[in-house]
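Please keep the sequence and the model at hand while reading.

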Amino acid sequence: NKSAPLPHIDFCFLTNVSVCSLTEKSTSFAVFVYNPLARSNTWPVRFPVSKEGRYTVKGPDMRTIPSAVFPVSSETERVRGDRSAAPYEIVFQVTAPPLG
């Protein structure tokens, strides 16, 4: 009985200052978002990336979600210091159910 290998899971503790080594170094990655609120919530999600190219973002239903890649702001560069050198961020909107 051969089972599929488990995916490697990382937690990016510093995404609030645009630092995440996984998204900065990978060409493909999955993102899990969590809504700790007792109501549905919609918000923009940002992850640092190293290339300005095209990225495809898919929701849990595998539909494509609109996204954009922007240069990291000078303020973000100042706050994160030398913890990251990613020159771009990918930004997309998510909606998550309560406590989900």
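## Basis of the model

This is a predicted model, in which local features need pLDDT of at least 70 and side-chain atom pairs count only at pLDDT 80 or more, while totals for chains, interfaces and linings use all residues. Residues are numbered from 1 along each chain as its sequence is written, and side-chain values use heavy atoms, with hydrogens and water left out.

## The disulfide

One disulfide (a pair of cysteine sulfur atoms within 2.5 Å) is found in a search of the whole structure. The cysteines joined are C12 and C20, with an S to S distance of 1.9 Å.

C12 has a relative accessible area of 19% and is buried; buried means under 20% relative accessible area, with a 1.4 Å probe and protein chains only. C20 is also buried, at 2% relative accessibility.

A pocket is found on a 1 Å grid over the protein atoms alone, as an open set of points where a 1.4 Å probe fits, with protein on both sides within 12 Å along at least five of seven lines; lining residues have an atom within 4 Å of a point. Strand β1 (41–49) and helix α1 (21–25) each supply at least two lining residues; strands are DSSP runs of E with at least two residues, and helices are runs of H or I with at least four. The largest share, three residues, comes from β1.

The second largest pocket has a volume of about 550 Å³. It is lined by 21 residues, of which V31, V57, K58, G59 and F92 are nearest its centre. Here β5 (88–96) gives the largest share, six residues.

Leaving aside residues up to four places away in sequence, V49 touches residues including T23, F29, Y55, V69, Y88 and I90, where contact means heavy atoms within 4.5 Å.

Conventions
Buried means under 20% relative accessible area, exposed over 50%, partly exposed in between (1.4 Å probe, protein chains only). Grid points are joined across faces, edges and corners, and a volume is the space filled by probe spheres set on the points.
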